[in-house]
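Subject: Structure for you to look at

Hello,

Here is the structure I promised to hand over. Please open it first, then read my notes below with it on the screen.

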Amino acid sequence: MAKLTTKARKAIPKSEFGLPDERKYPLENKSHARNAKARASEEEKKGNLSATSKAKIDRKADKVLGKKKGK
């Protein structure tokens, strides 16, 4: 996964984040989508992220990864 600079992160549209209101979990490519899913799982297990937020991130990441619902 390529390092995301501050300038590049600011250039990403809000809609391309797993949590757009917080601009967390960028999903602009497959590498970042896989990473977002992994980090969201970790944060949920730690109790820092709700199951609802994790599901939202997973759903958006799966679209970027080309996965269909239920797979």
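Leaving aside its neighbours within four places in sequence, Arg23 is in contact with Arg9, Lys10, Ile12, Pro13, Lys14 and Phe17, where contact means heavy atoms within 4.5 Å. Arg23 sits in the loop that joins strand E1 (17–19) to strand E2 (24–26). Helices (H or I, at least four residues) and strands (E, at least two) are DSSP runs, numbered from the N terminus. Arg23 counts as partly exposed because its relative accessibility is 28%; buried means under 20% relative accessible area, exposed over 50%, and partly exposed in between (1.4 Å probe, protein chains only). Its phi is near 55 degrees, a positive value in a residue other than glycine. Between the C-alpha atoms of Arg23 and Ala55, which are 32 residues apart along the chain, the separation is 16 Å.

Before the rest, some notes on how to read this. The model is predicted, so local features need pLDDT of at least 70 and side-chain atom pairs count only at pLDDT 80 or more, while totals for chains, interfaces and linings use all residues. Residues are numbered from 1 along each chain as its sequence is written, and side-chain values use heavy atoms, with hydrogens and water left out.

Now the overall fold. The protein has three helices and two strands, and from the N terminus on they run α-β-β-α-α. For 71 residues, a compact globule would have a radius of gyration near 11 Å, and the 12 Å of the protein agrees with that. This radius is taken over C-alpha atoms, and the globule rule is 2.2 Å times the number of residues to the power 0.38. Along the principal axes, the C-alpha atoms fill a box of roughly 30 × 25 × 20 Å. Of the 71 residues, 28% count as buried.

Which residues make up the largest nonpolar core? The 10 residues are Leu19, Tyr25, Leu27, Ala33, Ala36, Ala40, Leu49, Ile57, Ala61 and Leu65. Helix H2 (30–46) and H3 each supply at least two residues of this core. A nonpolar core is a set of buried Ala, Val, Leu, Ile, Met, Phe, Trp, Tyr and Cys residues joined through side-chain atoms within 4.5 Å. In soluble globular proteins, nonpolar side chains tend to be buried together.

Tyr25 lies in strand E2 and is buried, with a relative accessible area of 14%. Its phi is near 65 degrees, again positive in a residue other than glycine. Leu27, leaving aside neighbours within four places in sequence, has contacts that include Phe17, Ala33, Ala36, Ala61 and Val64.

Last, the charged pairs. A search of the whole structure finds six salt bridges, each being a side-chain nitrogen of Lys or Arg within 4 Å of a carboxyl oxygen of Asp or Glu.

- Lys14 and Asp21 meet at 3.7 Å, N to O; Lys14 is partly exposed at 44% relative accessible area, whereas Asp21 is exposed at 70%.
- Glu22 and Lys24 meet at 3.3 Å, N to O, and Lys24 is partly exposed at 40%.
- Lys54 and Asp58 have their closest N and O atoms 2.4 Å apart. Both lie in helix H3 (residues 51–65), four residues apart, about one turn of the helix, and both are buried.

Regards
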